[in-house]
Amino acid sequence: MNMPGVTILDEIVADKRIRLKEHKARISEAEMRRMAEEAVRPGAGRSDLFYENMAKPGISIIGEFKMASPSLGDIAPKVDLTTRIDEYSASADAISCLTEEDHFKGSVDYLKQIRAMTPLPILRKDFMIDEYQFYESKVIGADAVLLITAILDDVQMRDFYSLSRELGLGVLTETHDEYEIERALKTDSRIIGINNRNLKDFSITLENTGRLKKYIPDDRLTIAESGIMSDADVDYLKEVGVDGFLIGRAFMEAEDPGTLAKRWKNGS
C-alpha cells in the first residue's frame with residue numbers, strides 16, 4: 001500500500017536502491033567498470049547505432065519486451081521469446097527490454113538472451129540512478145539506456161548522459177511535461193521521449209504527446225511512449241509529427257506482433 005504522499009515512482013526508485021546494493025555485492029563497481037571498459041559488441045563498433053536506427057526516414061518502432069507493469073500486473077505473452085525477437089528483428093528498428101526486477105519482473109538476463117538473438121540495437125529500460133547501472137548496461141550488451149527526467153536532477157542528467165556517450169551507449173531521454181523537456185534539452189540528448197503515462201499515478205493521456213511535441217526542436221528526434229494500442233492512436237501520433245513509437249503492451253498482447261509492427265510502421 002502506498003504511504004500518503006508517496007507515488008508509485010517513489011516506490012520503484014526506493015526498491016531500485018535496494019537492488020543496487022545486491023548487484024554491487026555480487027560484482028563490485030570497480031569490477032563492473034573494468035568489465036565495461038573491456039566489453040566490445042561484435043558488429044557494432046560505433047556509438048550511434050540506436051540513434052541511426054531511430055533517425056531513418058519514416059516512422060521508427062521500438063518493440064518492447066516486458067513481463068509485468070505496475071498498471072497491468074503480470075503479462076502473459078502470446079508468443080515465446082525467440083519468436084517475438086525474430087518478429088521484432090524483421091519489423092522493428094530497435095528492441096526495448098525491461099530489466100527492473102520488482103515492479104516489471106525484468107532481469108538483465110532477459111537482455112543478455114535477447115542480445116544473442118538479434119542484431120538490432122537494444123534499449124535497456126530501467127530506472128537509472130547510479131553510475132554502476134551504466135557500466136552494467138555496457139557489459140550485458142545494451143546499445144542504449146533510458147534516462148527518466150522525473151527521477152534525476154540536472155547534475156545527474158548531465159553526468160549520466162556524458163557517461164553513456166563515453167561508454168558508447170545511446171540515450172533516450174524521457175519526459176512528461178514542458179519543464180522536463182526544457183531540462184532534457186540541456187543534456188544535448190538527440191532523442192527525446194514523451195511518455196503519455198504519468199509516472200506518479202500511471203494514468204495515460206495520449207494527447208500528452210500532441211501537446212508537448214511543439215516544444216522539441218526539429219533537430220531532435222521525438223519518440224512517443226505508452227498508450228499506443230490502435231490504428232487510430234498510430235494515425236494520431238503520425239499527424240502530430242513524431243519520429244517513432246515505443247510500444248509495449250500492444251505488442252506483448254498480440255499473437256503476431258511482427259505483422260502489427262509492420263502495419264503501424266508502413267501504414268498498411
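**From single residues to the whole chain**

Glu 38 is exposed, because its relative accessible area is 54%, where buried means under 20% relative accessible area, exposed over 50% and partly exposed in between, found with a 1.4 Å probe and with protein chains only. This is a predicted model, in which local features need pLDDT of at least 70 and side-chain atom pairs count only at pLDDT 80 or more, while totals for chains, interfaces and linings use all residues. Residues are numbered from 1 along each chain as its sequence is written, and side-chain values use heavy atoms, with hydrogens and water left out.

Glu 38 belongs to helix H2, which covers residues 29-38; helices (H or I, at least four residues) and strands (E, at least two) are DSSP runs that are numbered from the N terminus. Between Glu 38 and Val 155 there are 117 residues in sequence and 27 Å in space, taken from C-alpha to C-alpha.

Arg 263 and Val 234 lie 29 residues apart in sequence, and their C-alpha atoms are 9.9 Å apart in space. Arg 183, which is part of helix H8 (residues 178-185), counts as buried because its relative accessibility is 9%. When its neighbours within four places in sequence are left aside, Arg 183 is in contact (heavy atoms within 4.5 Å) with Thr 149, Leu 152, Asp 153, Asp 154 and Met 157.

We now turn to the strands. How many of the six residues of strand E7 are buried? Six of the six residues of E7 (residues 170-175) are buried, so this strand is largely enclosed by the rest of the structure. In a regular strand the side chains alternate between the two faces of the sheet. In E7, Gly 170, Leu 172 and Glu 174 point one way, whereas Val 171, Thr 173 and Thr 175 point the other way. Strand E6 (residues 144-148) pairs with E7 in the parallel sense over five bridges, and two strands count as paired if DSSP finds at least two bridges between them. Ala 144 has Gly 170 as its bridge partner in E7.

Strand E1 (residues 60-65) runs parallel to E10 and is joined to it by four bridges, with Phe 245 in E10 as the bridge partner of Ile 61. Strand E9 (residues 221-225) also pairs with E10 in the parallel sense, over three bridges, and here Ile 223 stands opposite Gly 244.

Finally, consider the chain as a whole, which has twelve helices and ten strands. Its radius of gyration, taken over C-alpha atoms, can be compared with a globule rule of 2.2 Å times the number of residues to the power 0.38. For 268 residues a compact globule would have a value near 18 Å, and the 17 Å of the chain agrees with this. Along its principal axes the C-alpha trace spans about 50 × 45 × 40 Å. Of the 268 residues, 54% count as buried, and among contacts between residues at least 6 apart in sequence, 68% join residues at least 24 apart.
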